[in-house]
Amino acid sequence: MNDKIRNLSIIAHIDHGKSTLSDRIMEQTETVSNRETKAQLLDDLDVEKEHGVTVKARAVRNMYHADDNQTYEINLIDTPGHVDFSYEVSKSLKASDNAILLVDATQGVQAQTVANLRIAEEIGTKIIPVINKIDNPDVQIDQVETEIRALSPNLKNRQILHVSAKTGQGVHELLEAIVTDMVAPVGDDDGPLSALIFDAYYDSFKGLILYVRVFNGEINPQDEFLLLSNNKTLKINEIGVLTPNRTPVSVLKSGEVGYLITGIKDASVSYIGDTLTSKLLPTATPLAGYKPAQSMVFAGIYPNGAYLPMAKALKKLALNDTSLSLIEETSDALGPGFRAGFLGVFHLQIIKERLQKEFGVDVLVTYPNVTYHAFLKGEGQDFSIVTNPVHLPDFDQLVEIEEPMVQATIITKSDTLSDVMALANAYQGVFIDMINQGQLVSLVYKMPLSKIVYTFFNKLKSISHGYASLATEEIGYELADVVRIDIHINYARIDALTFISHRQEVEQLTQKLVHQLKYAVPRRMYPMPVQAIVEGKVLARVDVPPLRKNAAVNGKKQSISKKQELLRRQNVNKRQASRNDIELPQSVFNVMFNLDEE
């Protein structure tokens, strides 16, 4: 019966205890035994356990015997809290009817708390506010309650529950609130099938595994199914529920959450956000899916070895991570690879680590960049979209360039306010608003996305002693005075090192870059100049020292003709070397990543 089902997500800022609370709920509903219990049970990726954050949403069915002697099915979907993965949060909420808004009792409301709440309210999700970590001696419960009630009129008079996910205190009361206060799904088992595919996973043996929420009808493995987006027919090998391991069942009814094993081995097609229906009795209208994920930063990914294993691994990752976009490209220096789009730099880091840990593939990653709009002479208001700095036209062909801007909301303690504002100003932030929230201050800035894409978040955490938080929202493009910086090594342009920067910072950046590349570029038997060229002018240059001394200046007394012959030989070597491939280990690109560091 639908009235005995509750579908919910947990939304919160990073490190407020979502995964730990999920563990306690599974323990108290006896979903997992004491022998199976472990920390962060739903975080099954190695990178999630190492970083202590949730990257992928995970679903689990819990059977709870409530105080009213009724047994309820609680489908819990864990969600990420990092600012880069808000897209995963929206996917989870679409498959849920309810959400627990979890707030740390020691840190209070933070930026991603607000951002995730806004997503839930837009979807129309029923919210239960919960304060976590009440066992901590530094709790400020009254203050945090005030902050929560100020977030939304819907929370002003709502009861706020207190729990300790670490000790289990208050979790039973939370479970009772889930079954009494949260809404049950609405659906008809006998109606036409309508199921939302909210996630997918590629298994090397079983093929494509789809995670679905059934809104109407039933899923029987004997039936044939249809994908409404393309009318493609689908056959199911197995259906089941997650407990949290895959457990086969004979049928999935309306309101339930489960998985479908399709056996499809094609990793190039994405099904996430599509509506699954019966081929025999299809539904007339598709469910509201997801807005396509908007890539915020782009970087080149190239194999540190064979190309084909990397290509297969990336396509399999892209299958269950629809926010990862891939376009094949070829670099003169690094050969074939991909131009990949990410939600943020942390997303890039996670993808790189997953490639290494899950597929054993080592890759080279170029410096991340944002998307630019380039207006060319003679093309009026039409513009070219530039996702690779190499493709930015030469300066004599350009009229103007636009860069993406974001509205950055920073929540920090009042005693670090001046330092945070100074940091935002240093990153070309334009002050918009400031709102006092008790001991917390919410700052709103308009900032270039390119300025905050890499080191800003880490510096913000550093100067605020870990208390400040950041949420960003894209607000369009504005004119920018930026230039393309080309790096030449041994007189050959290295396209993988090309990047775009604001003109006012170019001189300082190029000097710093070439001096760091001097020690990162592998040396050869002859000196190799490293040059930074902007608009046809060399702004900075250093020579990578040779493995041996220059033969023409080795201190020995030789005839002029002998020295001239040696110099001629070296010039020939230089001309030949400029046509050869330059060896670029990851340490060379790491120099680019460190440009923003003090």
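The following legends describe close-up views of a predicted model.

In this predicted model, local features need pLDDT of at least 70 and side-chain atom pairs count only at pLDDT 80 or more, whereas totals for chains, interfaces and linings use all residues. Residues are numbered from 1 along each chain as its sequence is written, and side-chain values use heavy atoms, with hydrogens and water left out.

**View 1**
Helix H1 spans residues 18-28; helices (H or I, at least four residues) and strands (E, at least two) are DSSP runs, numbered from the N terminus. Eight of the eleven residues of H1 are buried, so the helix is largely enclosed by the rest of the structure. Here buried means under 20% relative accessible area, exposed means over 50%, and partly exposed lies in between (1.4 Å probe, protein chains only). The buried residues are Lys18, Ser19, Leu21, Ser22, Asp23, Arg24, Ile25 and Met26. They pack against strands E1 (5-12), E2 (58-65), E3 (71-78) and E4 (98-104) and against helix H6 (171-181). Just after H1, Glu30 takes a positive phi of about 60°.

**View 2. The crossing of helices H1 and H6.**
The axes of H1 and H6 come within 10 Å and cross at roughly 80°. That angle makes H1 roughly perpendicular to H6. Axes are lines fitted to C-alpha atoms, for helices over the stretch in contact, and angles run from 0 to 180 degrees between N-to-C directions; under 35 degrees counts as roughly parallel, over 145 as roughly antiparallel, 65 to 115 as roughly perpendicular and the rest as oblique. Leu21, Arg24, Ile25 and Gln28 of H1 make the contact with Val171, His172, Leu174 and Leu175 of H6, where contact means heavy atoms within 4.5 Å.

**View 3. Two aromatic pairs.**
A search of the whole structure finds five aromatic pairs. Rings of Phe, Tyr and Trp (its six-membered ring) pair if their centres lie within 6.5 Å; planes under 30 degrees apart count as stacked, over 60 as edge-to-face and the rest as tilted. Tyr307 and Phe338 form a stacked pair, 6.0 Å centre to centre with 10° between the planes. Tyr307 lies in helix H7 (residues 307-319) and Phe338 in strand E19 (residues 335-342), so this pair ties together parts that are 31 residues apart in sequence. Tyr307 is partly exposed at 22% relative accessibility, while Phe338 is buried at 2%. Phe431 and Tyr445 form an edge-to-face pair, 5.6 Å centre to centre with 75° between the planes. Phe431 belongs to strand E24 (residues 430-437) and Tyr445 to strand E25 (residues 440-448), so the pair ties together parts 14 residues apart in sequence. Phe431 is partly exposed at 41% relative accessibility, and Tyr445 is buried at 0%.

**View 4. Charged ends over rings.**
The charged end of Arg213 sits over the ring of Phe215, 4.1 Å from its centre. The charged end of Lys451 sits over the ring of Tyr427, 5.8 Å from its centre. A charge sits over a ring if NZ of Lys or CZ of Arg is within 6 Å of the ring centre and within 35 degrees of the ring normal.

**View 5. Thr262 in its loop.**
Thr262 occupies the loop between strand E15 (257-261) and strand E16 (275-278) and is buried, with a relative accessible area of 7%. A polar atom of the Thr262 side chain lies 2.8 Å from the backbone oxygen of Leu208. Leaving aside neighbours within four places in sequence, Thr262 is in contact with Leu208, Leu210, Leu234, Lys235, Ile236 and Asn237.

How values were computed
Polar contact = N/O pair within 3.5 Å; in protein donor to acceptor, adjacent residues only side chain to side chain.
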